[in-house]
Amino acid sequence: PAWAPPAAAEQIWNEFSKEESTDEATIQKSFIRHATKTLARSSYNMDQFAAYQATAHSVRDHLIDRWNATQHCHSVKDPKRVYYMSLEFLIGRTLDNALLNLNLKDHYKRAIGGIGFTIEDLVDEEVDAALGNGGLGRLAACFMDSLATLDYPAWGYGIRYEYGIFQQKLVDGYQTEYPDYWLTFGNPWEIQRLDVSYDVRFRGYVEKYVDVSGQTRYRWEGGEKVVAVANDYPIPGFQTKNCINIRLWSSKPKKEFDFASFNEGNYDKSVEEQKAAENITSVLYPNDNHMVGKVLRLKQQYFFVSATLQDIIRRFKKTSRPWSEFPQQVSIQLNDTHPTLSIVELQRILIDEEGLTWDEAWDIVTHTYSYTNHTVLPEALEKWAVPLISDLLPRHMMIIFELNLYFLQRVEKLFPGDRDRLRRMSVIEEGHPQYVRMAHLAAIGSHHVNGVAELHSELVKTTIFADFVEFFGKEKFVNVTNGVTPRRWLHQANPGLSTLISEKLGGTAWLKDLSQLDKIKAFADDVGFQNRFMDIKYKNKIRLAEYVKDVTGVTLSPDALFDVQCKRLHEYKRQHMNIFGVIHRYEKLKSMSKAELEKVVPRVVIFAGKAAPGYYTAKLIIKLITSVANVVNADPQTSEYLKLIFIPNYNVSVAEILIPASDLSQHISTAGTEASGTSNMKFVLNGGLILGTVDGANIEIGEEVGKDNIFFFGALTAEVEDIRHHQMYHNVAMDAKLQGVIKSIQSGRYGDSVIFEPLLGTLRSDYYLLSKDFTPYLEAMERVDAAFKNKSAWAKKCITAAASMGKFSSDRSIQDYAKRIWKITPVPTTEEFA
Ligand code: GL7
């Protein structure tokens, strides 16, 4: 039984566990207490980083109080909870975000100022928590902010990687990778919970036995065990007491050290075993939209799944409900297929450990899970070799075969004799070796499958899950368009614009109900408002120019059009089309007379993004960008009209500077390839316009902002297959302007062109349709230049577009999930728990 304070002590507990007040003196006292007692520093032994740490610990105290209150409230009310399982959470920095969400920024600013530090400087001392690759991981972080803000009883579950996404540096214009050991100086935002830990088994064997009632059963035995330890990352909601949790697991060896083995002289072996256990959560796999079938990655997935389910089940069992009520209490969302083994693991626990029948168990499983698909790119769809799973998780492999058998029997019943359909739908892909198709497993074990933008959700239904729609019915396959949190991506990243909007809307309520932004449209024609709006943009451009000067040494004029493409490097995202366009622009500038040049809109083209370390072509694109930049930025003839920048080490913190400073951003994936995109939403929300293809969420953004306020171009999804087919079987000449660009590269103007041949070679089959889209792309650019010349008309476009972004709050996405898929309702943390 849990301990409870004796009646006489209850008063003391209540009194001394209250959240500290937020007056200046109390904050200063808390800061100095942490500086001197937590960090063992003193007034003559302080620096900016220590001051950041002391501030962080002080803010953390508020988070913990609210976190405790929220947990207490939830355990008393015991509502249905949602568990968001994600192998990635791309959180970024916490201090500024926490201060704003807790509404303590001004308090801390004054208090810290009084001690002799500047809060803005301290905010800059924090290293990013970069436990994700790109959009998928950042989406998970935005969703946590919304879940907390909307008072939903929710948990995030993930892995505490010791190394986040690698740090990117440019060496001779090439990307080089450095380890991101982000925990060197500790992490004030996490709470290590050595009391919350679970054993996780790998390998071993399956034993068949007959139980007391004569039933044949199986149990998984032997093998090796590691321990999963919880680390909690509190996530405060905006203007609510609610503070939820992301629980991140780290791996530890089961036996600290094998002394018997050590004493026998097997020193290496005893250390190795320990290291192997710790290795599991050591490093994030740095691939975006690409599957790599490494054993360690499969280990990470199962380790995370096993610990998470044990934790969920422990919480469920506290209230002694029957298993049949599990789906009424628990909703589990799978962020992509990465946590799909969870479906198999729950089935295993229910039949092997809890003694339920197969059908009872499967009914519970399929009413508990839902799955989000984030891509239709074939190379990104996870499939694991059967021998690999059999070796690591023998019992799970048996269960997968069994559930596949039952599933295919049901398919056969509905479509008798359709052998090809069975082959297509099977969880097992036949071959040597066989593979497990994780997306099929996720779809079969879930009650809902969703895509992340309207077009993508339609594509999912007509491509990878076409047969599944016929079998399960179309109601199971839904759309939930992605969103972004306006707290981080506007209020925090762009305080100037946030303040202006609050002034016009009479308060900050719009930050919790983004649809209110719509009312800003009324000011789109107001010249005074236009000036203020564009002045904020101008200041953000100065802030970015200072950052660029700092990291690259290049000087930018904030009067130029700032044109940004920042995202992971990928052929489907077509950064190469962008750099080819820059070369075309440069060549054109070189051929212009002085008089012609004077009419040109000066442009700053900015790239940022990481390439997967093993992705050769993507890395070559970076090399081409930096090579062209060296030439262009040093050319006095054109330098007033064109600058080219590659900002190294793109991450959440860089995005917070970059996005508010853009006039134009490019989202130019081949139609049908970018499931949604989420930075497109952030750019427009911050008063920039999009140059984009008719793809992903660009389409819905276009619907909201209106066709005059977005620059669309390029082939449509429905045309892409035919164009590819045509290119393959007919001698289609390459676009003439693109040919000109290739010639320019091959002339050696940007350095030895031989190194770029493999990149240029991809244009021969041209799977991503650069040639087809190049002229339309350049024409769209001309429309941009023309529009930018009319300052007032441009301002009106930007204001109208930003004010049309209400739909793209992650609050709307989360409400969609909560109502239609998870069936959960808000549980505000009320005063009696505070
Ligand atoms: C992605 C998609 O590529 C991206 O378009 C989408 O916005 C994001 C969030 O839904 O998910 N899918 C994927 O595998 N990664 C993504 O960023 C890595």
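Analyst: Start with the parts list. The protein has 34 helices and 24 strands. These are DSSP runs, numbered from the N terminus: helices are H or I with at least four residues, and strands are E with at least two. This is a predicted model, where local features need pLDDT of at least 70, side-chain atom pairs count only at pLDDT 80 or more, and totals for chains, interfaces and linings use all residues. Residues are numbered from 1 along each chain as its sequence is written.

Next, the overall form. The C-alpha atoms fill a box of roughly 95 × 75 × 60 Å, taken along the principal axes. The radius of gyration is 28 Å, which agrees with the value near 28 Å for a compact globule of 834 residues. That radius is taken over C-alpha atoms, and the globule rule is 2.2 Å times the number of residues to the power 0.38. Buried residues make up 47% of the 834 residues. A residue is buried if 20 or more other C-beta atoms lie within 10 Å of its own, exposed if 12 or fewer, and partly exposed in between, with C-beta atoms placed from the backbone.

Now the domains. The assignment gives domain 1 (25-77 + 94-127), domain 2 (78-93 + 128-481 + 820-833) and domain 3 (487-505 + 515-808). Such bounds come from an automatic or database domain assignment.

Here is the ligand shell. The ligand is surrounded by 18 residues, and the closest are G135, L136, H374, A675 and S676. Helix α7 (residues 135-149) gives the largest share, 3 residues. By class, the shell has 5 nonpolar, 11 polar and 2 charged residues. Ala, Val, Leu, Ile, Met, Phe, Trp, Tyr, Cys and Pro count as nonpolar, Asp, Glu, Lys and Arg as charged, and the others, Gly among them, as polar.

In an unreviewed UniProt entry, K682 carries the annotation "modified residue: N6-(pyridoxal phosphate)lysine". UniProt positions are given in the numbering used here, feature names are shortened, and annotations may be inferred rather than shown by experiment. K682 sits in helix α27 (residues 679-685). K682 is buried because 29 other C-beta atoms lie within 10 Å. Leaving aside neighbours within four places in sequence, K682 is in contact with V484, W489 and I659. Contact requires the two C-beta atoms, placed from the backbone, to lie within 7 Å.

Strand β23 (residues 689-693) holds I690. I690 is also buried, with 25 other C-beta atoms within 10 Å. Beyond residues up to four places away in sequence, I690 touches several others, including N680, F683 and V684.

Between them, 25 residues of domain 1 are in contact with 23 residues of domain 2. On the domain 1 side, α3 (48-77) and α4 (95-101) each supply at least two residues. Helix α3 gives the most, with 15 residues. That side has 10 nonpolar, 10 polar and 5 charged residues.

Terms used:
A residue is near a molecule or strand if its C-beta atom, placed from the backbone, lies within 6 Å of it.
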